[in-house]
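Morning, everyone. Please have the sequence and the model open side by side. I'll keep this brisk.

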Amino acid sequence: MDKQEESRLYSFLVIRFLIVMCCVVAAELVISQLSGRMMIPMLKEEFQRNSGTGSTAGGIWGLPRFLWAVASGRGDEFVRKTISRSTAAGLVAVVLLLHLAPIVAGILIYVRMVGRKIQEMTRKREEEHAAAERQKNLLITDMAHDLRTPMTTVAGYAKALSDGMVPQEKQREYLQAIVSKTSRMNEMITELFEYSKLGSEGFRLNKEKFDLHELLLRVAAEIYTDMEDAGMIFEVEMPDEPVIVYADRGQVTRAFSNLLVNAMRHNPRGTEIILTAQRKAGEETVAVMDSGAMLPEDVPVFEPFVKSDPARKGPGSGLGLSIVRMIVEMHGWHVALQQPYRDGMKAFVVSIPM
């Protein structure tokens, strides 16, 4: 159970406990009012009627005498006093039971609520586990499918080179194709490793304080050359003042790098891409905008392997945005696709509470 689930369970237990306690107290107040108006006067009347009867009629030691009086037909006065005392004791017992009933009922209701909540959480966890298993199997199947094509190409080119079937002037072209395909496979395997690592139970963020704007500028500088080679118009709009966040520097770097790479890969040459950050409404908003075509509203862009959608064809593993969402949500932040965002552009927007 993670901290979020623990917090929800604790809130549930506290709120339900307070509700049950309020109901029990209300019931006790009602019973006290009824007892004060009905039962207590009856008890007073019984005690006044039997005052001065002595102690010989009550107690465990009076039982043999009571039974002998009933069996022999003698001691009518003793029998009458004993029954009168029993009536008073019965009234006391009724009052006590009435006061105990709401408490016992409250305990039983609370235990039932807790039991149902635990069953619900257990069932939900089992469903999530089953869904995760299905997702994992789909992930492995899709990854194997995506790796098969470049591996087949590499194997074919390597065999052709090994058998001497490639002319001298074509060998460099074949070797470059092999390097390109193996680089793509290595990238896919690396992203699969990162995706699996982030989803594992033992993974923990290595948080520290750092300037988010400085990190974003460094990420932009590292990808600038690739943007130029891809024919993109890349701009950065970053405020001068620092913004200190408490986060995992390495994972945050990966998240924003993935967003920029995603914009570069899935848009045509000449697309304008803008990395911007601004503070508004008590949160820092970082957006990766592009002037490319809008995505269909029903495309689950943050799910694995959605690159097969016609709107997102291009190289890559199809895990980049899934990794972004996992990193962002692990920090308690939020990421969403907003389109149009500004000046008719679409944008992946990360909201960071400050």
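Let's start with helix α7. Eight of its 11 residues are buried, so α7 is largely enclosed by the rest of the structure. Keep in mind that this is a predicted model.

Which residues of α7 are buried? They are G320, L321, S322, I323, V324, M326, I327 and V328. Buried here means under 20% relative accessible area.

Next, what covers the buried residues of α7? The cover includes two helices, α4, residues 168-199, and α6. It also includes β6, residues 334-338, and β7.

Take α6 now. Two packed helices are described by the angle between their axes and the distance between the axes. Here, α6 spans residues 249-265 and α7 spans residues 320-330. They pack at an angle of about 145°. Their axes are 9 Å apart. The crossing of α6 and α7 is left-handed.

Who meets whom at that crossing? On the α6 side, look for Q251, V252, R254, A255, N258, L259 and N262. On the α7 side, look for G320, L321, I323, V324 and I327.

Move along the chain. Just after α7 comes G332, with a positive phi of about 80°. Further on, P340 sits in the loop between β6 and β7. The peptide bond from Q339 to P340 is cis, with omega near -5°. For background, most residues other than glycine have a negative phi, and most peptide bonds are trans.

Now strand β7, residues 346-353. Is S351 buried or exposed? S351 is buried, because its relative accessible area is 14%, and the cut-off for buried is under 20%. Set aside its neighbours within four places in sequence, and S351 is in contact with E283, E284, W333 and H334. Now look back to α7, where V328 is one of the buried residues. S351 and V328 are 23 residues apart along the chain. Their C-alpha atoms are separated by 9.0 Å.

Last stop: the surface. Which residues form a nonpolar patch there? Y10, V14, F17, L18, M21, V25 and L29 do. Together they have about 680 Å² of accessible area. Pick out V14. V14 is found in helix α1, residues 3-49.

To recap: α7 is largely enclosed, S351 is buried, and V14 belongs to a nonpolar patch on the surface. Thanks, everyone.

Note on methods:
Residues are numbered from 1 along each chain as its sequence is written. This is a predicted model: local features need pLDDT of at least 70, side-chain atom pairs count only at pLDDT 80 or more; totals for chains, interfaces and linings use all residues. Side-chain values use heavy atoms; hydrogens and water are left out. Patches are made of residues with over 30% relative accessible area and no salt bridge: like charges are joined within 9 Å, nonpolar side chains (Val, Leu, Ile, Met, Phe, Trp, Tyr) within 5 Å. Accessible areas come from the Shrake-Rupley method with a 1.4 Å probe; for residues, only the protein chains shown count as cover. A salt bridge is a side-chain nitrogen of Lys or Arg within 4 Å of a carboxyl oxygen of Asp or Glu. Helices (H or I, at least four residues) and strands (E, at least two) are DSSP runs, numbered from the N terminus. Axes are lines fitted to C-alpha atoms, for helices over the stretch in contact, and angles run from 0 to 180 degrees between N-to-C directions. A crossing is left-handed if the near helix is turned anticlockwise from the far one by less than a right angle, and right-handed if clockwise. Contact means heavy atoms within 4.5 Å. Buried means under 20% relative accessible area, exposed over 50%, partly exposed in between (1.4 Å probe, protein chains only).
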